[in-house]
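Morning, everyone. One structure today, and I'll start from the core. Please look at the screen.

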Amino acid sequence: MVAAQQEKPGYAISSYFYRSPVVYQTELSQLIYRSWIYAAHVSEIPSPGDYQLFEIGEDSVIITRSADGKVHALMNICRHRGARVCEEPSGNRKTFVCPYHGWVFNLDGSLRVAREMASRDDFDPSELGLKTAKVEVFMGMIYINCDPDGADFLEAVSGELPGVLSLRHLSSRLRQNAHTQRPL
Ligand code: FES
């Protein structure tokens, strides 16, 4: 299908590419889950415990702020049996409690309590926190990248905006001020 399309330069793209589940899944795996995506603005989660859900493809990501002020992007998938640990689209929490068997996760995604697991010798809570996406706060905007090996945020953005902004010069100051929104 791709080859057929390439033989017709100047023609509108075939409707197949808009409807195909194969193309959709390929776009998710090759593009959406491997790119830096805008997820929220810092003003939407100003206080510790504030969170917002961000739906990306068929996944859900919890954008949250922990007690130390850091922003986290947590995959909304319990490490026990895969249930969503949070269904409300936004709010303020001290923890995220899985509704299925009650595992409790901290705001940074680490596992706090796992019921009836303490007696197991092979159970290591430090290995079973929520998975995380890469997160970058830039000029008050929160970007995430689901690919742990994804490109550095500034490298990716600098390629898109050559000469528009001196991003590397601005970045450290903006990162320092991102969560406070103070003018530079
Ligand atoms: S699926 Fe979350 S605690 Fe079992």
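The largest nonpolar core has 26 residues, and those touching the most other members are Ala 39, Val 61, Ile 62, Ile 63, Ala 73, Ile 142 and Ile 144. By nonpolar core I mean buried Ala, Val, Leu, Ile, Met, Phe, Trp, Tyr and Cys residues joined through C-beta atoms within 7 Å. Buried means 20 or more other C-beta atoms within 10 Å of the residue's own, with C-beta atoms placed from the backbone. At least two residues of this core come from each of β1, β2 (50–56), β3 (59–65), β4 (71–75) and β10. Strands are DSSP runs of E, at least two residues, and helices are runs of H or I, at least four, numbered from the N terminus.

A caveat on the source. This is a predicted model: local features need pLDDT of at least 70, side-chain atom pairs count only at pLDDT 80 or more, and totals for chains, interfaces and linings use all residues. Residues are numbered from 1 along each chain as its sequence is written.

Take Ala 73. Leaving out residues up to four places away in sequence, Ala 73 touches Ala 39, Val 61, Ile 63, Thr 132, Ala 133, Val 135 and Ile 144. Contact here is C-beta atoms, placed from the backbone, within 7 Å.

Now the sheet. Three strands form an open sheet, ordered β1-β10-β9, with antiparallel pairing. Its edge strands are β1 (37–41) and β9 (134–138), each pairing on one side only. Pairing takes at least two DSSP bridges between strands. β1 and β10 (residues 141–145) have four, antiparallel. Ile 37 has Ile 144 in β10 as its bridge partner.

Finally, the whole protein chain: five helices and ten strands. Of its 184 residues, 18% are buried.

How values were computed:
A residue is buried if 20 or more other C-beta atoms lie within 10 Å of its own, exposed if 12 or fewer, and partly exposed in between; C-beta atoms are placed from the backbone. Two residues are in contact if their C-beta atoms, placed from the backbone, lie within 7 Å.
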